[in-house]
Amino acid sequence: MARSRDGENRLGDNSRFLSATGDADLTLTALTLTGGRTTTAGADGGAILSQDGAVTVNDSTVIGNSTAAGSAEGGGIFSLSGAVTVTDSTVSGNSTAGSGSEGGGIYSNSGSVMVTNSTVSGNSTAGDGSEGGGIASILGAVTLTNSTVSGNSPAGQNADGGGIFSGLAGVTL
């Protein structure tokens, strides 16, 4: 938990690890990100938030992160207008909760998702209209190569896409 010099908690219940905006590409190599969370409605990306830049995760683990409020997306990784590439990594045990929550493990809007030699497992979304327990991609293709997507789940009324939810784009396995 981040605290100021006087010991006051400045982040409240929010503890996202990385936030990149404005055409900033983000590359992570050989890291474990665990325990990141957001609890404010619309606060996306429990561990990683990227807007207008690519996210590349290599030889890393994104595990046990969450968003817990309505319309919060990307329990592990959130990307808006940038590609997400996950290679030789694990995205597991991440979650989103709240009405309209999407992408328990990975959420991408307007960018492709490429997963290679990796595992996306045990992620979840919960709430009315939740989508994509493992991966939710809106307006971007999802490509899996030599990877496992298993044990992911959506829960709630009108919930869709346990492993992968793709809106208006294709999935290549």
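Colleague: Why does Phe78 count as buried?

Modeller: Keep in mind that this is a predicted model. Phe78 has 4% relative accessibility, and buried means under 20%, so Phe78 counts as buried.

Colleague: And what makes Tyr107 buried?

Modeller: The relative accessible area of Tyr107 is 3%. With the cut-off at under 20%, Tyr107 is therefore buried too.

Colleague: Why is the pair of Phe78 and Tyr107 called stacked?

Modeller: A search of the whole structure turns up one aromatic pair. Its ring centres, those of Phe78 and Tyr107, are 5.3 Å apart, and rings pair if their centres lie within 6.5 Å. The planes are at 10 degrees, and under 30 degrees counts as stacked, so stacked is the word for this pair. Phe78 sits in strand 9 and Tyr107 in strand 13, 29 residues apart.

Colleague: What makes Ser101 buried, out in a loop?

Modeller: Ser101 does lie in the loop between strand 12 and strand 13, but its relative accessibility is 0%. That is under 20%, so Ser101 counts as buried.

Colleague: Which backbone oxygen does the Ser101 side chain reach at 2.7 Å?

Modeller: That of Gly98. The side chain of Ser101 also reaches the backbone oxygen of Ala72, at 3.4 Å; a polar contact has to be within 3.5 Å.

Technical notes. Residues are numbered from 1 along each chain as its sequence is written. This is a predicted model: local features need pLDDT of at least 70, side-chain atom pairs count only at pLDDT 80 or more; totals for chains, interfaces and linings use all residues. Side-chain values use heavy atoms; hydrogens and water are left out. Helices (H or I, at least four residues) and strands (E, at least two) are DSSP runs, numbered from the N terminus. Buried means under 20% relative accessible area, exposed over 50%, partly exposed in between (1.4 Å probe, protein chains only). A polar contact is a pair of N or O atoms within 3.5 Å; within protein, one must be able to donate a hydrogen and the other to accept it, and residues adjacent in sequence count only if both atoms are side-chain atoms. Rings of Phe, Tyr and Trp (its six-membered ring) pair if their centres lie within 6.5 Å; planes under 30 degrees apart count as stacked, over 60 as edge-to-face and the rest as tilted.
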